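Take a look at the structure below. We will start with a pocket, then turn to the helices around it.

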Amino acid sequence: MTTRRRSLKAVQRKAGRRDLQVDEFEKRDLGENIRAAGGLRPIRKNLPTSIVLEQDLIDKLRKKAAKRGLGYQTMLKVIVREHVDEY
């Protein structure tokens, strides 16, 4: 297995390009009001929580979540959101 070494000049050229990109970005006008420019998503205030679940329940969640193409924690959130009003 051989490793590829870069010459000092190649590294300096790449660093110089990065500096040019930063300079160009900093020159651009972002406008008076960034919010009016759009593209910003509202910040949700989600609170992390922790619960202890039995392994067999986690396994069931993982199987059901995989069928929907989700992670088991996301699947759990969907279930809670759909059924919280029933209690």
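This is a predicted model. Start with helix α3, which spans residues 72-83. Helix α3 gives six residues to the lining of the largest pocket.

Now look at the pocket itself. It holds about 460 Å³ of space. In total, 13 residues line the largest pocket. Nearest its centre lie Thr-49, Ile-51, Gln-73, Leu-76 and Lys-77. What classes do the residues of the lining divide into? Eight are nonpolar, three are polar and two are charged.

Helix α2 covers residues 55-68, and it packs against α3. Two packed helices are described by the angle between their axes and the distance between the axes. Here the angle is about 90°, and the axes are 8 Å apart. Angles of 65 to 115 degrees count as roughly perpendicular. So α2 and α3 are roughly perpendicular to each other.

Which residues of α2 and α3 meet? From α2 come Ile-58, Leu-61, Arg-62, Lys-64, Ala-65 and Arg-68. From α3 come Tyr-72, Met-75, Leu-76, Val-78 and Ile-79. By class, this contact has eight nonpolar residues, three charged ones and no polar ones.

Finally, step back to the whole chain. It has three helices and zero strands. From the N terminus, the order is α-α-α. The chain has 87 residues, and 5% of them count as buried.

Conventions. Residues are numbered from 1 along each chain as its sequence is written. This is a predicted model: local features need pLDDT of at least 70, side-chain atom pairs count only at pLDDT 80 or more; totals for chains, interfaces and linings use all residues. Side-chain values use heavy atoms; hydrogens and water are left out. On a 1 Å grid over the protein atoms alone, a cavity is a set of points where a 1.4 Å probe fits but cannot get out, and a pocket is an open set with protein on both sides within 12 Å along at least five of seven lines; lining residues have an atom within 4 Å of a point. Grid points are joined across faces, edges and corners, and a volume is the space filled by probe spheres set on the points. Helices (H or I, at least four residues) and strands (E, at least two) are DSSP runs, numbered from the N terminus. Ala, Val, Leu, Ile, Met, Phe, Trp, Tyr, Cys and Pro count as nonpolar, Asp, Glu, Lys and Arg as charged, and the others, Gly among them, as polar. Axes are lines fitted to C-alpha atoms, for helices over the stretch in contact, and angles run from 0 to 180 degrees between N-to-C directions. Angles under 35 degrees count as roughly parallel, over 145 as roughly antiparallel, 65 to 115 as roughly perpendicular and the rest as oblique. Contact means heavy atoms within 4.5 Å. Buried means under 20% relative accessible area, exposed over 50%, partly exposed in between (1.4 Å probe, protein chains only).
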